[in-house]
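Biologist: I have a model open and want to go through a few parts of it. Can we start with the strands?

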Amino acid sequence: MTDELYMQRCLELASLGMGNVSPNPLVGCVIVSEGKIIGEGYHEKIGEAHAEVNAVKAVFDRYGDEAAGLLAQATAYVSLEPCAHFGKTPPCADLLIRHQLKKVVIGNRDPFEAVDGKGIEKLRNAGIEVISGVLEEACSALNRRFFTRILKQRPYLILKWARTANGYFAPIGDEQRWISSPLSKRLVHKWRTEEDAVIVGKRTALVDNPQLNAREWPGRNPIRILVDRNLEIPVEHHLYDDVAKTIIFNELKTDIEGNIHFIQMEDMQYYLPQKIAFQLYLMDIQSVIIDGGANLLEQFINAGLWDEARVFTSSVSWTEGVLSPQINGVITEVQQIGNDQLNIYRNKQ
């Protein structure tokens with residue numbers, strides 16, 4: 001169980017980088033010598049030091065002249081295969097070889113073409129013992145966004161909506177009525193700090209005038225994405241303010257005006273989810289929350305183009321309204337959030 005315990009700590013560390021490393025993976029590293037953790041680190045920010053670098057630095061910061069000897073007797077636990085290529089930083093496999101670690105225990109092999117087994121091969125060729133696949137399923141789950149982008153050439157797609165106890169999604173007409181609780185709203189703002197972008201359709205933007213920021217949770221705002229085929233949303237609406245970068249998919253123009261990026265698409269009435277997913281992949285956007293309305297959500301559902309759905313069910317019932325989208329997925333988690341029940345679904349496809 002020792003390997004699993006140290007790998008679990010790697011996962012805890014890795015998760016601290018959530019929202020700050022995309023499109024890189026989340027990685028944690030723990031260095032152990034003679035049954036004692038002597039250093040740990042995680043990938044904190046895109047373009048900056050990787051987990052292994054931070055963990056080795058922690059050993060030198062703590063032990064000074066003794067660090068080299070300790071590392072030569074140590075085992076490094078890493079939630080993802082150490083990189084073997086020069087990117088924004090040098091290869092982490094080379095770092096572990098240079099410090100002559102005895103053993104490296106890995107959670108996941110990295111599917112990125114420039115790594116994909118090459119880091120493991122480098123370590124073994126240098127005489128370092130390598131064990132791979134420890135807590136592999138948990139490591140895969142943590143990096144599901146990264147793996148989706150690499151293996152499927154699209155972002156990780158999260159559907160999100162709230163429904164009443166009797167299945168209504170929104171009022172009929174242009175009335176605004178809040179369904180979920182204030183606590184659920186705060187949780188949604190937390191999610192926004194963890195994902196790259198959040199997307200809404202034209203009608204939601206017109207009726208609700210959403211801000212799509214993370215004002216109720218500490219962290220950075222997501223990129224805001226609006227689907228507005230004929231550019232009908234007034235520029236006075238919140239999505240045109242300067243709080244966050246905003247992408248507007250439309251059929252009329254491609255242009256940049258301040259933080260507003262207009263991206264022209266052809267024939268948006270056909271294969272819209274596929275076109276959006278591919279365009280966001282090209283822009284290195286690794287994860288997206290699809291926040292409504294019903295039509296946009298149903299287009300992604302009908303295309304089978306989603307990975308996870310987060311659905312709040314309120315304790316309130318309405319006498320009429322627009323019916324909630326229907327989803328066919330595997331429930332992986334159920335939580336009580338204030339007066340709401342949150343069901344999290346995974347796509348079976």
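Biologist: How many of the residues of strand E1 (residues 28–33) are buried?

Modeller: In strand E1, 6 of its 6 residues are buried. Buried means under 20% relative accessible area, with a 1.4 Å probe and protein chains only. Strands here are DSSP runs of E with at least two residues, and helices are runs of H or I with at least four, numbered from the N terminus. This is a predicted model, where local features need pLDDT of at least 70, side-chain atom pairs count only at pLDDT 80 or more, and totals for chains, interfaces and linings use all residues. Residues are numbered from 1 along each chain as its sequence is written, and side-chain values use heavy atoms, with hydrogens and water left out.

Biologist: Which residues of E1 point which way?

Modeller: Gly 28, Val 30 and Val 32 point one way, while Cys 29, Ile 31 and Ser 33 point the other way. In a regular strand the side chains alternate between the two faces of the sheet.

Biologist: What does E1 pair with in the antiparallel sense over 4 bridges?

Modeller: That is strand E3 (residues 75–80), where Ala 76 is the bridge partner of Ile 31. E1 also runs antiparallel to strand E2 (residues 36–42), joined by 6 bridges, and Val 30 stands opposite Glu 40 there. Two strands count as paired if DSSP finds at least two bridges between them.

Biologist: What about the turn between E1 and E2?

Modeller: The two strands form a hairpin with 2 residues between them, and Glu 34 in the turn has a positive phi of about 50°.

Biologist: Other topic. Is Asn 108 buried or exposed?

Modeller: Asn 108 counts as buried because its relative accessibility is 3%. Asn 108 belongs to strand E4 (residues 103–108).

Biologist: Which residues does Asn 108 touch?

Modeller: Leaving out residues up to four places away in sequence, Asn 108 touches Ser 79, Leu 80, Glu 81, Glu 136, Cys 139, Ser 140 and Phe 147. Contact means heavy atoms within 4.5 Å. A polar atom of the Asn 108 side chain lies 2.9 Å from the backbone nitrogen of Ser 140.

Biologist: Now the open sheet. What is the strand order?

Modeller: Its 10 strands run E11-E12-E10-E9-E8-E13-E6-E14-E17-E16, with mixed pairing. Strand E11 (255–257) and strand E16 (330–337) are at the edges with a single partner strand each, so one side of each has no neighbour in the sheet.

Biologist: And how do E6 and E13 pair?

Modeller: Strand E6 (residues 156–163) and strand E13 (residues 287–290) pair in the parallel sense over 4 bridges, and Tyr 156 stands opposite Ser 287.

Note on methods
Buried < 20%, exposed > 50% of the residue type's maximum accessible area, 1.4 Å probe, protein only. Polar contact = N/O pair within 3.5 Å; in protein donor to acceptor, adjacent residues only side chain to side chain.
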